[in-house]
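Dear colleague,

I am passing on the structure below, together with some notes on what turned up when I went through it. Please read the notes alongside the coordinates.

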Amino acid sequence: MTKTPDTPAPCVGMGETQHSHPEELLSRRARVAVPELVVTCECEQSPRGPCSCSHRNPDEESICSDSGLSGSPASSLALRKLSNSSSSGLSPASSFEECEEDLLGYVDFNVNQSPGEALTTDLWKKSKNMVNWSPPPETVKKRSPWVQVVGHAGNFQTDSDGRLLKKYCESEQQCFLQLMSDSLRPFVPGYYGVTQRDEQDYNLMDDLLADFDSPCIMDCKMGSRTYLEEELKKARECPQPRKDMYEKMIAVDPEAPTEEERLQQAVLKTRYMQWRETLSSTATLGFRIEGIKKSDGTCNTNFKRTKCKDEVVQALEDFVDNNMLILRSYQQRLQELRDILEKSDFFKAHEVVGSSLLFVHDVTGKAGIWMIDFGKTVPMTPPLTLDHRSPWLEGNREDGYLWGLDNFIDILTTMLQEK
Ligand SMILES: O=P(O)(O)O[C@H]1[C@H](O)[C@@H](OP(=O)(O)O)[C@H](OP(=O)(O)O)[C@@H](OP(=O)(O)O)[C@H]1O
Ligand SMILES: Nc1ncnc2c1ncn2[C@@H]1O[C@H](COP(=O)(O)OP(=O)(O)O)[C@@H](O)[C@H]1O
């Protein structure tokens, strides 16, 4: 995904989470209190819309969009966009560093809470007793500001605990809840329930960048299909051609639209998504690079046409700066992930579409890979399961995730052998 903050909100004033009445919170299934919840009670409840994966404004553009400028070291537009999500202080996500003042009044109710732990009455009591607890100043560690590589504009906020708030999406919440007790747990961000800020609900999760120092980040979208079968069905029953997608299409290839699409100046979402799949490596390799952010601040989302193996290899070499140790770590981590995926109950029972692998490393040699974005990960009807390698035929709901992962591992293995 792509499209990010155009209207950045300053950090100041963004640190406050909307307060809710404790009883109300306790009764809301799978919700977890965040620090501020106990302090004041305004008893407001936000309207819970449908999956806020539809929170997106189709006209919003990406932070590092490939509108002709990406790929180069922060050009002026790229800088403007990047500044929305990086250390310049304009991020809609308030960074730890930017909000350091907030720490002076820092209150941590979740100090003993682990990811996925639901708020029980006992924990609630424990939390209340900790109202005035603050960490000693020496434990305050500066983190690099959070950076969003791709994704929808305004979808994220950060909190002062180094966690990330992502606009609420029910299917994503359901996935996270299950993932917290699945064998895949080490490969996903820790999840802490739902919280509110400015009347908007958010899923609260770990910021995977928190332990890295000026990280290099790559977002790769996994699978051979990037839209749900359900979306295809809807597009047939009630076609809704989109002008924004037509614009995005002709920006990359003016020849791509059909005569009819040209007349309408609009394309169906599924048509746009299929076009993107065949233009990139999604259709041929089962994954595609969406964006890369280097530690020097350069950001590139110009991978829409990165299709063949050689092009992917070139982008990967650039991402790791030809550091074979990092590449080896990534290869091993992907192999571990594959082993776990093949056994995971969650994975067997879900169609995983539009989900990404987030690759993160830094100059210290630390490297990690996590699965993110479960907005379009939906359960199969039991007892149906997927093998994630069979080709997709409409109705079988196969997503090609493991096929893509096999190809990814093969590419890294060949790169390592050739060095
Ligand atoms: O990357 P570009 O070419 O800009 O196209 C985007 C991505 O495919 C998004 O997928 P993802 O979020 O996985 O990156 C998708 O969001 P969905 O995930 O909601 O399908 C967007 O659909 P809209 O949000 O409907 O515009 C679509 O416009
Ligand atoms: N848990 C996380 N920790 C750190 N960065 C994240 C995390 N989740 C998402 N991101 C950043 O946000 C971007 C978009 O994430 P994603 O979940 O795909 O959002 P969207 O649903 O809006 O596309 C990713 O490319 C990554 O840079």
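Strand S9, which spans residues 356-361, is mostly covered in this predicted model, with six of its six residues buried. Ser356, Leu358 and Val360 point one way from the strand, while Leu357, Phe359 and His361 point the other way, and all of them are buried. In a regular strand the side chains alternate between the two faces of the sheet.

S9 has a pairing partner on either side. Strand S5 (residues 216-222) is joined to S9 by six bridges, and the two run antiparallel; within this pairing, valine 360 of S9 is the bridge partner of isoleucine 217. Six bridges also join S9 to strand S10 (residues 367-372), again in the antiparallel sense, and here serine 356 has isoleucine 372 of S10 as its bridge partner. S9 and S10 form a hairpin with five residues between them, and glycine 365, which sits in the turn, has a positive phi of about 95°.

These strands belong to an open sheet of five strands with antiparallel pairing, in the order S7-S6-S5-S9-S10. Its edge strands are S7 (299-300) and S10, each of which pairs on one side only. Further along the sheet, S5 pairs with strand S6 (residues 287-293) over six bridges, also antiparallel, and lysine 221 stands opposite arginine 288 of S6. Helix H13 (residues 401-418) lies across S5, S6, S9 and S10, and runs at about 135° to S5.

S6 is also among the elements against which the buried residues of helix H8 (residues 269-279) pack, the others being helices H5 (229-237), H6 (243-252) and H9 (282-285). Those buried residues of H8 are Thr270, Tyr272, Met273, Trp275, Arg276, Glu277 and Leu279.

There is also an open sheet of four strands, with antiparallel pairing and the order S1-S2-S4-S3. Its edge strands are S1 (156-158) and S3 (191-197), each pairing on one side only, and the twist averages 30° from one strand to the next. Five bridges join S2 to S4, which run antiparallel, and leucine 165 stands opposite leucine 204 of S4. Helix H4 lies across S2, S3 and S4, running at about 150° to S3.

Which elements give two or more residues to the lining of the largest cavity? A search of the whole structure finds six cavities of 30 Å³ or more, and the largest has a volume of about 330 Å³. Of the 24 residues that line the largest cavity, Trp146, Phe156, Asp219, Leu358 and Ile372 lie nearest its centre. The elements that contribute two or more residues to this lining are S2 (163-167), H4 (170-179), S4 (200-206), S5 and S9.

Finally, a word on confidence. The protein averages a pLDDT of 76, and 66% of the residues score at least 70, while the model scores ipTM 0.99 and pTM 0.76. Over residues 1-62 the pLDDT stays under 50, and the model has 167 contacts beyond four places in sequence for that stretch. The pLDDT also stays under 50 over residues 118-135, for which the model has 29 such contacts beyond four places in sequence. Where pLDDT is low, the predicted coordinates should not be read in detail.

With best wishes

Terms used:
Residues numbered from 1 in each chain as written. Chains lettered and ligands numbered in written order. Predicted model: local features only at pLDDT ≥ 70, side-chain atom pairs only at ≥ 80, totals over all residues. Heavy atoms only, no water. Buried < 20%, exposed > 50% of the residue type's maximum accessible area, 1.4 Å probe, protein only. Pairing = 2+ DSSP bridges. Contact = heavy atoms within 4.5 Å. Axes fitted to C-alpha atoms, helices over the stretch in contact; angles between N-to-C directions. pLDDT = per-residue confidence, 0-100. 1 Å grid on protein atoms, 1.4 Å probe; cavity = no way out; pocket = protein on both sides within 12 Å on 5 of 7 lines; lining within 4 Å. Points joined across faces, edges and corners; volume = space filled by probe spheres on them.
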